[in-house]
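Trainee: I am new to this structure. Please show me how to read its features one by one.

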Amino acid sequence: MSKPPRFDVIVVGAGMVGAALALALGRQGFKVALVDAHAPQLEWPHEGYDIRVSAITRASQHIFESLGAWPMMQAERISPYRDMHVWDAGGDGVIHFDSADIGEPDLGHIIENRVIVKGLHTCLVEQQNVTPFWPVQPKTMTFNETEASLLLEDGTDLQARLLVGADGARSWVRRQAGISVKGWDYDQVAMVTWVKPELFHQETAWQRFLPTGPLAFLPLTEGYCSIVWSTSPEHAAQLQAMDADRFAQELQAAFENKLGVIESVGPRAMFPLRSFETQHYILPRLALVGDAAHTIHPLAGQGVNLGLADMATLLQVLTEAQHQRDIGTERSLRRYERWRRADNRSMLIAMDGFKRLFSTDQAALCWARNLGLKLTDQMLPLKRLIMQQALGKDVPRILS
Ligand SMILES: Cc1cc2nc3c(=O)[nH]c(=O)nc-3n(C[C@H](O)[C@H](O)[C@H](O)COP(=O)(O)OP(=O)(O)OC[C@H]3O[C@@H](n4cnc5c(N)ncnc54)[C@H](O)[C@@H]3O)c2cc1C
């Protein structure tokens, strides 16, 4: 009987974060098994857009550039946003950010999730150190002193020094490992779609804070916009049940007609919103990255950017450890957990605070937040600082 294949790292989940991690590890000489329950989507009809898009920061752009995937994404289609315009439905507070004020060509890019996945997988095909296993479900996961084993439903038995869970918010790996999460449901749902407004979006990311949740219009190519409308589950269900014309009218009104008539609407989908972080990011022979380790409210478009920072940090830690010690030990992995937990937690708390501040209709808080928006809008040095933060922190040295 042939011996089961042995790898340095098994990555479960080949989405945006898992695919980026496998690619980066492969390029550093690690032998990687990349497992996913589904084959990646690499083809799609010409018309329309992916209903899932991500606002990608400059830091994440640098990660994709260093992995060689950015040109593929550019060749497919990406949309820069040069300005951000945010206003409050509960008052006259408005804030406007312009990339020119910090001497940058843009503040980031809106990219369809399927374009990101395709860009990474196109590079992965040429990465001989990475062996794909899909579509297949993992069946059991076991650990001993020296290795992690993953048995797949098709009978394949994989062994490695480390297993990484990159399998999203409902992570099978996390549940199998018995790692608990601490968080809360927002009692909000994100209704997502794409639309064609009458007026050009001006390469601006627009966001209006309504008492029920934020409504974002994000610029896509050819004047289209991606919509993320966070609202109560009841309201989202009503929106979902409407015919396209009625939905377009509701959307236009909620957006105060900022871009004129909504001329066409794509398919709609809903995602329940939740914030959590895991009790542990690591155990001996195990690490969690991306949504498997933490999720946040999408109002500032940071979720996958945090996941990519996880992946870049884990890469740095494993690469530094590989010549000195076993990469799967708790000692090797602890640096990763310490490094990332602090960053992810502060973003989670900030987003939660924003969400709660803008959901309240208490008169004193409404007044304070509108005043805050107006005052901040007049303070260019502060706005420059906020924009620098929004571009993302420096990526770990290994990817710069
Ligand atoms: C409405 C909305 C808007 C958002 N907008 C933004 C934004 O603008 N910017 C931003 O940075 N973030 C945004 N996010 C967050 C972002 O989508 C997530 O952070 C991101 O998708 C996480 O990537 P991931 O690779 O960790 O997980 P996922 O994208 O969930 O990928 C998980 C992968 O694991 C695979 N998988 C799942 N279960 C198994 C299993 N049992 N076995 C094997 N494989 C499995 C899946 O097939 C998939 O390929 C948004 C989220 C929502 C809900």
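Trainee: Is Cys-225 buried or exposed?

Mentor: Buried means under 20% relative accessible area, exposed over 50%, and partly exposed in between (1.4 Å probe, protein chains only). Cys-225 has 0% relative accessibility, so it counts as buried. Cys-123 is buried too, with a relative accessible area of 10%. Before going on, note that this is a predicted model, where local features need pLDDT of at least 70, side-chain atom pairs count only at pLDDT 80 or more, and totals for chains, interfaces and linings use all residues. Residues are numbered from 1 along each chain as its sequence is written, and side-chain values use heavy atoms, with hydrogens and water left out.

Trainee: How many disulfides are found in the whole structure?

Mentor: A disulfide is a pair of cysteine sulfur atoms within 2.5 Å. The search finds 0 of them.

Trainee: Where is Ser-54?

Mentor: Strands are DSSP runs of E, at least two residues; helices are runs of H or I, at least four; both are numbered from the N terminus. Ser-54 sits in strand β3, residues 53–56. Ser-54 counts as buried because its relative accessibility is 8%.

Trainee: Which side chain does the side chain of Ser-54 join in a polar contact?

Mentor: A polar contact is a pair of N or O atoms within 3.5 Å; within protein, one must be able to donate a hydrogen and the other to accept it, and residues adjacent in sequence count only if both atoms are side-chain atoms. For Ser-54 the partner is Asn-113, at 2.7 Å. Contact in general means heavy atoms within 4.5 Å. Leaving out residues up to four places away in sequence, Ser-54 touches several others, including Met-16, His-109 and Val-304.

Trainee: How many aromatic pairs are there in the whole structure?

Mentor: Rings of Phe, Tyr and Trp (its six-membered ring) pair if their centres lie within 6.5 Å; planes under 30 degrees apart are stacked, over 60 edge-to-face, the rest tilted. The search finds 10 pairs. One of them is edge-to-face: Trp-194 and Tyr-224, 5.8 Å centre to centre, with 70° between the planes. That pair links distant parts of the chain, 30 residues apart: Trp-194 in strand β12, Tyr-224 in the loop between β14 and β15. Trp-229 and Phe-247 form a tilted pair, at 6.3 Å and 45°.

Trainee: Which residue lies over the face of Phe-271?

Mentor: A charge sits over a ring if NZ of Lys or CZ of Arg is within 6 Å of the ring centre and within 35 degrees of the ring normal. Over Phe-271 lies Arg-52, at 4.3 Å from the ring centre. Lys-118 lies over the face of Trp-44, at 5.3 Å.
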